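Dear colleague,

Here is the structure I said I would pass on. My notes on it come after the sequence and the model.

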Amino acid sequence: PNSDALATTSQFLVQGALQQCLGDLIAVESVQVENDDATLRVTIQYIVRRTQSRQTAEFSRGGLGA
């Protein structure tokens, strides 16, 4: 089920995976994970190393635990 513990765990896992797999291509500035009822939202802010452009990616997944 969706919970604060799931959001916190997801934040650490996403940030670690991004740094491990894409660390040569991007610099992760922040990973924010929010849980709202049955929806988990992940917002990632990063810099593309080659162009130095700042980007934001947002993902959400509804229906967790349903």
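The notes below cover the sheet, the helix and the core.

Please keep in mind that this is a predicted model.

The sheet is open and has 3 strands in the order β1-β2-β3, with antiparallel pairing. Its edge strands are β1 and β3, each of which pairs on one side only. On average, neighbouring strands are turned by 15 degrees against each other, direction ignored. The helix α1 packs on this sheet and touches β1 and β2, and its direction makes about 160 degrees with that of β1.

Between β1 and β2 there are 10 bridges. N35 stands opposite L40 in β2, and D36 has T39 as its bridge partner in that strand. The hairpin of β1 and β2 has 2 residues between the strands, and D37 there takes a positive phi near 55 degrees.

Y46 stands opposite Q55 in β3. This second hairpin has 4 residues between its strands, with a positive phi of about 60 degrees at Q52 in the turn.

The largest nonpolar core has 11 residues: A7, L18, I26, V28, V31, V33, L40, V42, I44, Y46 and A57. Two or more of these residues come from each of α1 (4–22), β1 (26–36) and β2 (39–48).

Which residues does I26 contact, leaving aside its neighbours within four places in sequence? They are L18, Y46, I47, V48 and R49. Of these, L18 and Y46 are also listed in the core.

Regards

Definitions and conventions
Residues are numbered from 1 along each chain as its sequence is written. This is a predicted model: local features need pLDDT of at least 70, side-chain atom pairs count only at pLDDT 80 or more; totals for chains, interfaces and linings use all residues. Side-chain values use heavy atoms; hydrogens and water are left out. A nonpolar core is a set of buried Ala, Val, Leu, Ile, Met, Phe, Trp, Tyr and Cys residues joined through side-chain atoms within 4.5 Å. Buried means under 20% relative accessible area, exposed over 50%, partly exposed in between (1.4 Å probe, protein chains only). Contact means heavy atoms within 4.5 Å. Two strands pair if DSSP finds at least two bridges between them. Axes are lines fitted to C-alpha atoms, for helices over the stretch in contact, and angles run from 0 to 180 degrees between N-to-C directions.
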